[in-house]
2 protein chains.
Amino acid sequence: MAWLTATYHVAAPRERVEARARALALEQSVECPLEAIGERRILDEIVAQVGGIEHVGSELFRVEIRLATQTLGGDTAQLLNMLFGNASLFDDVEFVDVALPDDVLAGFTGPRHGIEGIRALVGARERPLTNVALKPQGLGVPELAAMARTFALAGVDIIKDDHGIVDQGYSPFAERIPALQAAVEQAVATTGRPAFYAPNVSGTPRDMHLRATIARDAGCRVVLVAPMLVGLPAFRELVDDFPEFVYLAHPSFGGARRIAPPLLYGKLFRLFGADAVIFVNYGGRFAYEPETCAALAANLRAPWAHLRAALPVPAGGMLLERVDELLDFYGPDSMLLIGGNLLIARERLLERTREFVSAVERHEFRKTVSAAPA
Amino acid sequence: MAWLTATYHVAAPRERVEARARALALEQSVECPLEAIGERRILDEIVAQVGGIEHVGSELFRVEIRLATQTLGGDTAQLLNMLFGNASLFDDVEFVDVALPDDVLAGFTGPRHGIEGIRALVGARERPLTNVALKPQGLGVPELAAMARTFALAGVDIIKDDHGIVDQGYSPFAERIPALQAAVEQAVATTGRPAFYAPNVSGTPRDMHLRATIARDAGCRVVLVAPMLVGLPAFRELVDDFPEFVYLAHPSFGGARRIAPPLLYGKLFRLFGADAVIFVNYGGRFAYEPETCAALAANLRAPWAHLRAALPVPAGGMLLERVDELLDFYGPDSMLLIGGNLLIARERLLERTREFVSAVERHEFRKTVSAAPA
């Protein structure tokens, strides 16, 4: 019998935490009272077991639950269900970590390209990478194409759609993708420096398949997907069907706290195939702590069986003025995403974007990097 | 120009709530500073607007944001993104309601069968319906088939898979579905009373399509799907592709609080096509208040453009002893789901299930029903 270990933070008084942990183990496995179970085999092999219970704060405990891997049946949605299906409905439970045995991990390819593949694609072996967003939604295709060309001329590595740009009347997908890809390719022909347009692939599974096909036919090599919007199982299937793309994952609809950010964005997104993961940076307009961001980035890059390392992409209210601070924090294996803070330059967009690219390239790393791997 | 209204609960001190509301409007539309926007049309037509701000508690405000329907582009995932994409990443924001204009609603078929269709299928014009779950996972196909037969002999209307039963080695989907469907059909031939087996359809989009096809070929008329596990856009596409099924939606992976339960389960699940919606009942092992459950059930049944009414299915730690109380609370347009509390009867499962069916059938409604429609 093989087991995986899911870890939760459970808010409970000390005298009740053991009962709460046992209830959680039942909820996440057989979802019925033990006395309803007649077969010895199910009691021994299927009912989840309480592992360690550790006190982490006043009335807060770290609870490990061991789940039988037999219950997964090799199914992507069922893995999520076993890890945090009904438990997500408990107010007092946060899902904070998971340890998967080798035979479960063997069922996941993870990132097809990862940090090394992205570095090879953009031709940057050691330096941090740069990423910008085409926005706001509402712009027409010619305006977006001009903006994409400007970003590519300025030397940005990856130029992504705003995740709110999909297939609206003012910038239809089938028209936008070839136009923006051509605009970026023209700029690359001028500068001789690689740059990649990453269209936003969203919608129902059929929409996504159609849009990924259009993107591939247009010559795109990188796409943006928000796994929680489209569903993690649908995201995984897209990666399986179009392994040639570098997948840049967006956190939209991911929620702030029910699943700890280092787990959801740092482990699950990587497990399901994201090559690079956008997350909200500390000190911006979201409330993440530096420790949360450091743990998230560390999870993306940590050795994990055969899974390739994925690239951390801090974003969300990023300022050009913070480039040095953030690079020292995240280290060279990272990609900075700046959006609105470049666009406020308006007609000086090219110059301001060049400042961004240059600030990243000329940065000299301090000896110790807070969130970089040891 | 047409707008939809999304409503959020925002935790903020009074002096900061207006600024917080304006930031939320930007986050959920253009996601960049206003000064980055050069086009008047985008400022007028695309940037979201703050509607009412209403004080609802100490440092808690109800904030209405008007979102331009142009930004939806008819896309299912993009609707979720506009409603609660990045906003889900704010700790201080809960998504509590939405009002969609007719042209947006026109793009949604909603439940294909709804309460009326389910009543016609099971042949019960007025009484509340009964629902049971086959569990625990780990049982083999013969044991599950025997249990399904027993439930059908006892007169249960809908007999569903536990949502943890998918395609595991101990009960493979392709073997389980025809066997359980046949077991229920045999019982129906004996009793002459309709009963329906609802297999759990889960997995990636391709898995779901394959499993739905197997279920249809086996003669199943009802299926169970957990929309948040598989992704709401993937759920919607499944409903479009297999409109002949009655869809019973399960709340797994839905989260406890980021989206208010009356909105997520009462409105969004219905909008995306659920005919009946399972949710966690008050007074069981989950922390929902009676008011939350009443509002959720009311939303499922309320008149809403052309959308059929969907059936509330309270569940989660339900006791046979509570049937009368719960029927008085939810009224006749409901379906009670009892799982583990029947299974504890073990060899007396048939008798205990008959008690459940009989308690529901003989219940006499009081004149006023708490959560029933006016």
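A salt bridge here is a side-chain nitrogen of Lys or Arg within 4 Å of a carboxyl oxygen of Asp or Glu. This is a predicted model, in which local features need pLDDT of at least 70 and side-chain atom pairs count only at pLDDT 80 or more, while totals for chains, interfaces and linings use all residues. Residues are numbered from 1 along each chain as its sequence is written, chains are lettered from A and ligands numbered from 1 in the order in which they are written, and side-chain values use heavy atoms, with hydrogens and water left out.

**View 1. Here B:Arg127 meets B:Asp157 in a salt bridge.** The closest N and O atoms of B:Arg127 and B:Asp157 are 2.8 Å apart. This pair ties together distant parts of chain B: B:Arg127 sits in the loop between α5 and β5 (129-134), B:Asp157 in the loop between α6 (141-153) and β6 (158-161), 30 residues apart. Helices (H or I, at least four residues) and strands (E, at least two) are DSSP runs, numbered from the N terminus. Are B:Arg127 and B:Asp157 buried or exposed? Both are buried; that means under 20% relative accessible area, with exposed over 50% and partly exposed in between (1.4 Å probe, protein chains only).

**View 2. B:Asp92 and B:Arg20 make another salt bridge.** The N to O distance for B:Asp92 and B:Arg20 is 2.7 Å. B:Asp92 belongs to the loop between α3 (76-84) and β4 (93-99) of chain B, and B:Arg20 to helix α1 (residues 17-27), 72 residues apart. B:Asp92 counts as partly exposed because its relative accessibility is 21%, whereas B:Arg20, at 19%, counts as buried. A search of the whole structure turns up 45 salt bridges over all chains.

**View 3. Now for the place where chain A touches chain B.** On each side, 80 residues are in contact (heavy atoms within 4.5 Å) with the other chain. Together the two chains bury about 6600 Å², 56% of it on carbon and sulfur atoms; buried area is the accessible area (1.4 Å probe) that two parts lose on being put together, summed over both. Between chain A and chain B there are 11 salt bridges. One of them joins B:Lys135 to A:Glu31, at 3.5 Å from N to O.

**View 4. A:Phe84 and A:Phe95 stack up in chain A.** Rings of Phe, Tyr and Trp (its six-membered ring) pair if their centres lie within 6.5 Å; planes under 30 degrees apart count as stacked, over 60 as edge-to-face and the rest as tilted. By this rule there are 22 aromatic pairs over all chains. The rings of A:Phe84 and A:Phe95 are 5.4 Å apart centre to centre, with 25 degrees between the planes. A:Phe84 is in helix α3 (residues 76-84) and A:Phe95 in strand β4 (residues 93-99), 11 residues apart. Both of these Phe residues are buried.

**View 5. B:Phe108 and B:Phe272 form a tilted pair.** For B:Phe108 and B:Phe272, the centres are 5.6 Å apart and the planes 55 degrees. How many residues separate B:Phe108 from B:Phe272 along chain B? They are 164 residues apart, and both are buried.

**View 6. Helix α10 (residues 232-241) of chain B is mostly covered.** Of the 10 residues in α10(B), 8 are buried, among them B:Phe235 and B:Leu238.
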